[in-house]
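Visitor: Please show me the model, and let me ask how its labels were assigned.
Guide: Here it is.

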Amino acid sequence: MSSVSATIQDVFNEPGCGKNANKTEAERKKGCTKQLQPGGAAGGCAFDGAKIALQPFTDVAHLVHGPIACEGNSWDNRGSASSGSDLWRRSFTTDMNETDIVFGGEKRLYKAIREIIEKYDPPAIFVYQTCVPAMIGDDINAVCKAAATKFGKPVIPVNSPGFVGPKNLGNKLAGEALLEHVIGTEEPDFTTPYDINIIGEYNLSGEFWQIKPLLDELGIRILSCISGDGKYRELAYSHRAKAAMMVCSKAMINVARKMEERYGIPYFEGSFYGIQDSSDSLREIARMLIERGAPAELMDRTEAVIAREEAKAWAAIERFKPRFKDKKVLLITGGVKSWSVVAALQEAGLEIVGTSVKKSTKEDKERIKELMGQEAHMIEDMTPREMYKMLKDARADIMLSGGKSQFVALKAAMPWLDINQERCHGYMGYIGMVKLMEEIEKALYNPMWSQLRKPAPWDDAGVNWQAKALAQVDAQAAEIAADPVRAEATRRARKICFCKTVDLGTIEDAIAAHGLSTVDAVKEHTNASGGCGACKGRIEDVLAAQPSPVLQAAE
Amino acid sequence: MAIVTTSKKACSVNPLKMSQPIGGSFAFMGLRGAMPLLHGSQGCTSFGLTLFVRHFKEAVPMQTTAMSEVATVLGGYENVEQAILNIYNRTKPEIIGINSTGVTETKGDDVEGFIRLIRQKHPHLEKFPLVYVSTPDFKDAFQDGWEKTVARMVEVLVDPVEVGAARDPARVNVLPGCHLTPGDLDELRTIIEDFGLRPSFLPDLAGSLDGHIPDEFTPTTIGGIGVDEIATMGQAAWTIAIGAQMQRAGEAMHAKTGVPFRLFERLCGLIPNDEFVAFLSEITGRPVPAKYRRQRGQLADAMLDTHFHIGGRKLAIGAEPDLLFDLSSMLHEMGAEVAVAVTTTASPVLERVRTQEVLIGDLEDLEDLARARDCDLLITHSHGRQAASRLKIPFYRAGFPMFDRLGAGHQLSVGYRGTRDLVFDLANLVIADREANHQPTPDTWRTTESGLQVVPPQLH
């Protein structure tokens, strides 16, 4: 177990992460994972994260060592697409039973590896550790090593049992397994000055294929995609790439950074969501490749492709402008993606409400990203009733979000579109953005909504559950306001600044005590917005809600 | 009589089985204002939750004690206590239903002991309904988790009844197995009510996971049977248990309250429904309503229409024991041959499945055997979709989970009407397959060098 905890400490100490770099030594040691609250937690475990990150490798057999729950309850649940092998979609598990718990599961694991090789002969097997065998001390590293020697085939241990932490930690532990056991173990048949790695892209709904044709056209070769539609051998020789793109998520930042450190492969963090981002990313890829020795004319060709694709996309989006006029979108996601579609949505004439996104210039982007993440974070903690009130207050016409809030939207008879991983459409690149507009239009203008919003003929229109829900929220708020103890507790419990952990009560008190009127003044007194700055909008709201100091003085 | 064998493989490939803790949580979902809680790492809950959400396309309440590595080693008392307090304060449930998992069972957490301590320490929880069931992942399967959990609910939540106390002749208890959908439960409710009876379903998934829009937003289950109603189940005249898995809960009810119970192992097919309807008529003394006489006729006619297509089909079926027994028996009675039967866990009904061998195995076994025995109809849950596309035979999705088609909660198999619709669906599937894949060509019947092959019919 000590090796796993050492790896975890190493993963937490990530110099490539801006957030981590800003932390104190003590904070860094604590790691970047939120302490989970029993009875109030949501989300997957570290094993889940590891599996998500690696399962899109299509020709690998993914073997889960554990009781049936870990794999039996979860397999075939991701929408990654493969251009070749379907082996990744098959499920392999040791399905440990009571006897294995008592006598140890190593023998069963070894036999399982042998059976897979005999039946399916994959280029490699990834073995995932889970909680129960970790507890009883099954040494999967030793079993994998023995099996690899015996069968002459890579058998890769992925040490990420569920109880070590949440999903994002598992993503990184999976990356560590690749760095330690796979990357750099084989050599490509040939290399070109146009070889890149794509890191952290899972090819959900096959959406990476919305962008790949453009790379193909430019002669840019994806040496390895980690891990969408990836193949084991490509991964093993990925250390020969000239540059890498880390797809807009920190999930595998350790892989990108360590490959830079070890093999001198520079990387950038980019995204193919949104028109501007797609263009920026293509440019950046070309720039990096040229810097690493590709002919400079690559940039001219890239610019030509960008100009052509942008023109096509904007022309296609033009069609939606009259349809989207005066329509409001409530955009909620903790995911890594939505922030980069904001510009395109705005360009198509949609108004973004519910978050303090005004206009997304490039400089604002980091802020928006942080903001989206935090809003989504807050949504997680909201009751469905509060969520409904937010929809109502925002006067939104459609909600774009991840899976969790969908039922609230649908039950509220509010058009909704899934923009997280469960969705079945690809929204990547120029084509994807147009597809997103199409889907928004379809949802917005579906004639079903007006029927759903109508009460049944025998029901009193005023006494529907929507009205009830709103009344309940208001009643609750009034009740809390009337009770000083609860009001105080509520004020203290509501966090405004997540980086510096400053609550509403502290900010309100500071404003009242010192007559503050600007965000900067609040920052000076409370340290709120002293971190990423994403809570600036919320502090502005708090300021706006306070009685004016002039009025107070007059009283 | 079928021989029951267990797969000897070290590696389960494409599991048919799901774990028993989530079967337990599923049972708690049929209680009103309930919050199912898994005592384990957060992944234990998250995987189960995702599976239920994908199946029902509904918000599903389910929580975790979020055991970390350290907590697992030191014991989970504090996590259980915090989880209960947090859930109690935040979601105001009427009941919290706790199932253990592999992690906490390996450590050996004494959760019953924890609960006693928690009740002492927090007097406001002294009478609060907390039901705990031990359900380690490394034993048994989904159906077993349901079976144990419902039996435990009866033991803990039903008030004992004094011997000789008067019973309400109009009340019946219904203990449905986990193979019945919310749609099935509603169908049964209608039938039972048509005999003037008032049924109490334990658990009642039709109240919570039927897709209705609740009057109020609630983070717990939005319906189902209330704890208060469960307490009074001892006053009923009869208990009807459906599926052999409910034998245990039926016996628990009988032991605690003296309510006699009758087990119906199947409710799909003509004869099982005749028995069921006749039983209702017998205990109420009422004649069978005209509606059911008509429905019986409709089923008979549907059997006539569909037997041309279903008769002679070679069925490969993978399902948990009670669903396997119910569907395969019905299809056997329609003239299909049950060529391959794969299941997840032991059950007394398995040896009575109308086939040679029942294998406790996985979907790889089902696929390989179906190919080897030339099956031309596949029935299993959605995880069979990959096998179906490789086998290229008609595939009917049944059981849990059904995540790649809509309406899982409303799929019917019980009653005359449910059976009627089911045989139509199956026959249509076969017809569509014939039209798409087996159109005759001038060469279809041309005699080859090997001559006409005559396969002797298999007798069973």
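Guide: This is a predicted model. In it, 54 residues of chain A are in contact with 53 residues of chain B.

Visitor: What makes two residues count as being in contact?
Guide: The test is that their C-beta atoms, placed from the backbone, lie within 7 Å.

Visitor: Which element gives the largest share of the side of chain A that touches chain B?
Guide: H7(A) does, with five residues. By residue class, that side of chain A divides into 26 nonpolar, 15 polar and 13 charged.

Visitor: Why is Asp121(A) called exposed?
Guide: Asp121(A) has 11, so the label is exposed. Asp121(A) is in the loop between helix H7 (106–120) and strand S3 (125–129) of chain A. Its phi is near 40 degrees, a positive value in a residue other than glycine.

Visitor: Why is Asp76(A) called partly exposed?
Guide: The buried label needs 20 or more neighbours, and the exposed label 12 or fewer. Asp76(A) has 18 C-beta neighbours inside 10 Å, which falls in between, and therefore counts as partly exposed. Asp76(A) also has a positive phi, about 55 degrees, although it is not a glycine. The loop that holds Asp76(A) runs between helix H5 (68–72) and strand S2 (92–93) of chain A.

Visitor: How do you know that S2(A) pairs with strand S2 of chain B?
Guide: Pairing requires at least two bridges found by DSSP. Two bridges join S2(A) to strand S2 (residues 12–13) of chain B, so the two strands pair, and they run antiparallel. Within this pairing, Thr93(A) has Ser12(B) as its bridge partner.

Visitor: What makes S13(B) a partner of strand S1 and of strand S12 in chain B?
Guide: The same cut-off of at least two bridges applies. Strand S1 (residues 3–6) is joined to strand S13 (residues 357–360) by four bridges, in parallel, and Thr5(B) stands opposite Leu359(B). Strand S12 (residues 337–343) pairs with S13(B) over three bridges, also in the parallel sense, with Val358(B) as the bridge partner of Ala341(B).

Visitor: Which peptide bond at Pro203(B) is cis, and what is its omega?
Guide: The cis bond joins Leu202(B) and Pro203(B), with omega about -10 degrees. Pro203(B) lies in the loop between strand S8 (198–201) and helix H9 (205–208) of chain B.

Visitor: Where in chain B is Pro401(B)?
Guide: Pro401(B) is in the loop between strand S15 (395–397) and helix H17 (415–437). The peptide bond from Phe400(B) to Pro401(B) is cis, with omega near 5 degrees.

Technical notes
Residues are numbered from 1 along each chain as its sequence is written. Chains are lettered from A and ligands numbered from 1 in the order in which they are written. This is a predicted model: local features need pLDDT of at least 70, side-chain atom pairs count only at pLDDT 80 or more; totals for chains, interfaces and linings use all residues. Ala, Val, Leu, Ile, Met, Phe, Trp, Tyr, Cys and Pro count as nonpolar, Asp, Glu, Lys and Arg as charged, and the others, Gly among them, as polar.
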